[in-house]
Amino acid sequence: MTEAVQRLKEMVDSTDNIVFFGGAGVSTESGIPDFRSVDGLYNQKYRYPPETILSASFFERNPEEYYRFHHDKLRLRGAKPNAAHLKLAQWEREGKLKAVITQNIDGLHQAAGSKNVIELHGSLLRAYCARCRKPWNAEIINEGEGVPRCDCGGVIRPDIVLYEEALDQEAMEAAVRYIRNADVLIIGGTSLVVYPAAGLIRYYRGNRLVLVNKGETGADSYADLVLHEKIGEVFSQL
Ligand code: OAD
């Protein structure tokens, strides 16, 4: 075990008030690509940039193209939780962790057994009609082809936050509350470039801010401990 992992272990062992805030890098070891790494979703070629395809106005204008991208790139294809998801769920069961705050939409924290998961960007495991708001089982998207339609003729959409859309206010407020009161805040697998989620870090008031991220982030200099390593590999040692 490296010295940095040993320090993280000591922090984790010393508290029952850990909050975790994560992003796409938490799920890459489960086989789901992140967005901004060289082999991530945003470095592949489409007719439109992914940020455009994943925007509310594009979805409305061009659901066919949106769903071509979605079925190709946002399917979960049986992904399973990895050591990071499982360790976080274990800490919650042991009463050490208060909340997982995630930008991910893959449901893998819940699949690992975490209960208190704040999903800032929604979930691919829920769906609803964009016109009449009727909730639908997400299988209609995840196991179907083309553009899924509601009985009312509207387009069914995943319950995720698209670009141009606001984050759920209650989820944001809960995230701020947990981070403000956290003893140890572990941030993992996120480039911390997408706001408002990335701005949550400034609410932390403690002195044990840990970053576990493969690459550098703009927040490295604020952290008390930085590990540029794979999060699943680090967490499996804790
Ligand atoms: P990014 O793709 O921007 O960042 C993922 C980060 O995780 C990168 O800094 C990688 O270096 C790091 N990483 C990858 N694999 C890792 C591993 N095994 N262990 C540790 N670190 C690893 O993803 P997010 O920060 O989550 O929003 O992106 C934020 C938002 O941008 C997403 O929620 C999505 C996207 O647009 C919406 O869809 C609204």
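The model is predicted: local features need pLDDT of at least 70, side-chain atom pairs count only at pLDDT 80 or more, and totals for chains, interfaces and linings use all residues. Residues are numbered from 1 along each chain as its sequence is written, and side-chain values use heavy atoms, with hydrogens and water left out.

**Stop 1: the core**

Select Phe21, Ile101, Leu120, Leu185, Ile187, Leu192 and Leu200. These have the most contacts inside the largest nonpolar core, which has 25 residues. A nonpolar core is a set of buried Ala, Val, Leu, Ile, Met, Phe, Trp, Tyr and Cys residues joined through side-chain atoms within 4.5 Å. Buried means under 20% relative accessible area (1.4 Å probe, protein chains only).

Now colour by element. Strand 1 (18-22), helix 8 (169-181), strand 7 (184-188) and strand 8 (209-212) each supply at least two residues of this core. Helix 8 gives the most, with 6 residues. Helices (H or I, at least four residues) and strands (E, at least two) are DSSP runs, numbered from the N terminus.

Apart from this core lies another, of 23 residues; Leu8, Ala84, Ile231 and Phe235 are among them.

Centre on Ile101. Beyond its neighbours within four places in sequence, its contacts (heavy atoms within 4.5 Å) include Val19, Phe21, Leu120, Ala175 and Leu200.

**Stop 2: helix 8**

Select 169-181. Helix 8 has 13 residues and spans 19 Å from first C-alpha to last, close to the 18 Å expected at 1.5 Å a residue. That expected span is 1.5 Å times one less than the number of residues.

Show the buried side: Ala171, Met172, Ala174, Ala175, Val176 and Ile179. These residues pack against strand 1, strand 2 (97-102), strand 3 (117-119) and strand 7.

**Stop 3: strand 4**

Select 122-129. Strand 6 (156-160) runs antiparallel to strand 4, joined by 5 bridges. Ala127 has Pro158 as its bridge partner there. Two strands pair if DSSP finds at least two bridges between them.

Strand 5 (135-137) also pairs with strand 4, antiparallel over 3 bridges. Arg126 stands opposite Asn137. The two strands form a hairpin with 5 residues between them, and Arg133 in the turn has a positive phi of about 75 degrees.

**Stop 4: the ligand**

Show the 24 residues around the ligand; Arg36, Tyr42, Tyr163, Thr190 and Ser191 come nearest. Around it means a heavy atom within 4 Å.

Which ligand atom is 2.6 Å from an N or O atom in the side chain of Arg36? It is an oxygen. A polar side-chain atom of Tyr163 lies 2.3 Å from a ligand oxygen. At Gly189, a polar backbone atom is 3.4 Å from an oxygen atom of the ligand.

How values were computed
Buried means under 20% relative accessible area, exposed over 50%, partly exposed in between (1.4 Å probe, protein chains only). A polar contact is a pair of N or O atoms within 3.5 Å; within protein, one must be able to donate a hydrogen and the other to accept it, and residues adjacent in sequence count only if both atoms are side-chain atoms.
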